[in-house]
Amino acid sequence: MEVSARFRDQRLAERLAKKIRALEPREPVRICHVCGTHEWTISHYGIRSLLPDSVEVVAGPGCPVCITPASLIDAAVELALSGVVVATYGDMFRAPGARAPSLYQARAEGADVRVVYSITDAVKMAREEKDREFVFFAIGFETTAPLTAVEVLRRPPDNLSFLVAHRLIPPAMEALANMEDLAIGGFIAPGHVSTIIGAEPYAIFPERYNMPVVIAGFEPLDVLMAIYMLLKQIKDGVAKLENEYTRAVRWRGNERAKEFMRKAFDIADGAWRGLGVIPSSALELKEGLRKHDAIERYGLNVSLDGQGDIPPGCRCHEIMVGRAYPTDCPLFLRACRPNRPIGPCMVSVEGTCRIWALEGGWFKG
Amino acid sequence: MCLAIPARVLEVRGHRAKVDFGGAVREVDVTLVDARPGQYVLVHAGFAIQVLDKREAEEMLRAWEEVLGA
């Protein structure tokens, strides 16, 4: 789309960067985003190098693969090794479990593990191979959850069930807002989650936490503009919810997608890898749809205690809330590398460690 | 994961649509949106999740150019 390219305009970016520097706060300001794709944009385009010294941008838990509990990966591996076909999205394949290594290694041991681009592909496979049992490992935030809802409600074949690991972003942001030591001064809210949920759910942050929020798109100008808007609010001493990504995000989001989610899921407390249980942050299949719930169908025992979430020495749990940078971790680019990841943040293309390793997110100019 | 890519809708048939990702034509599911040919949609994992508002995009850029004195 030619319009997208204009959101990468260098001339506008330079002027915007100048305006941002003119807003340099006297006290240090920490801005937190909650999306792996935002971290990619920030690292890839060297956005940190354009910011004043007193402004820091950290990455929150915005990588769905990274936050999926190791116990659920163990369950998926166990299923795969028992002869069930496990289908899932790209990176989930390589994420390490606690007891089990990863789906990738299960496949090396002979299990049938399939990477799909869309949940619809998994449904199609299950329909075509009626003699096999299929489980779709459904991970992801509000951007992805409606897709699962559509397929679950569309009467999937009986030989397909779902290992639902969807998590919700606003409750995770609220958990971060409550971690006082993080001292977050403002949030950049994730654009694509927001296309579904709308701007509305973020209103609590200015209201309850006096914290500015700007919803942003994913081109470099989008992110720069969001940082500018946040710094402007901070300078003016106000806390508002603003939307920079108006071309895709409406106040109430995608009503139809939200309706699908309401029909398919109940909200429950959810474990986040390395972060513990966050209240009302997970989706589970509604009572009437439980016959397609893999946990129920196979009697899986999935613990929420977080055992084995973080390998020894790994600081992913601190990196995922912006309490540490990848460069603070002794394993980063030494023992832990993109081709031989130890922690979940180095596995996924949306993990902060992997992005920093490949894009040099730490360069400050 | 939450990556979504803009594509132009070519034709809609029921809940499926042919869309053009700047040259690559694919079929996507349009259950979640009301998309018409010619419109741009954001596509995530095989589903259109939102219709892009081209006028909003143009207006935003125009407003920025004004503010930034470009």
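Hi everyone. Let me start with a definition: when I say contact, I mean heavy atoms within 4.5 Å. With that in hand, here is a number for chain B: if we take its contacts between residues at least 6 apart in sequence, 30% join residues at least 24 apart. One caution before going on: this is a predicted model.

So, what does chain B look like overall? It has five strands and one helix, and along the sequence they come in the order β-β-β-β-β-α. Its C-alpha trace spans about 45 × 25 × 25 Å along the principal axes. The chain exposes about 3400 Å², with carbon and sulfur atoms supplying 47% of that.

Now let's zoom in on one residue, Thr31(B). You'll find Thr31(B) in the loop between strand E3 (24-29) and strand E4 (40-44). Is Thr31(B) buried or exposed? Its relative accessibility is 15%, and the cut-off for buried is under 20%, so Thr31(B) counts as buried.

And who are its partners? Leaving aside residues up to four places away in sequence, Thr31(B) touches Val150(A), Arg154(A), Arg256(A), Phe260(A) and His15(B). With Arg154(A) there is a side-chain to side-chain polar contact of 2.7 Å. Within chain B, the side chain of Thr31(B) also makes a polar contact with the side chain of Asp29(B), at 2.5 Å.

Note on methods: Residues numbered from 1 in each chain as written. Chains lettered and ligands numbered in written order. Predicted model: local features only at pLDDT ≥ 70, side-chain atom pairs only at ≥ 80, totals over all residues. Heavy atoms only, no water. Helix = DSSP H or I, 4+ residues; strand = E, 2+ residues; numbered from the N terminus. Areas by Shrake-Rupley, 256 points an atom, 1.4 Å probe, with all protein chains shown as cover. Buried < 20%, exposed > 50% of the residue type's maximum accessible area, 1.4 Å probe, protein only. Polar contact = N/O pair within 3.5 Å; in protein donor to acceptor, adjacent residues only side chain to side chain.
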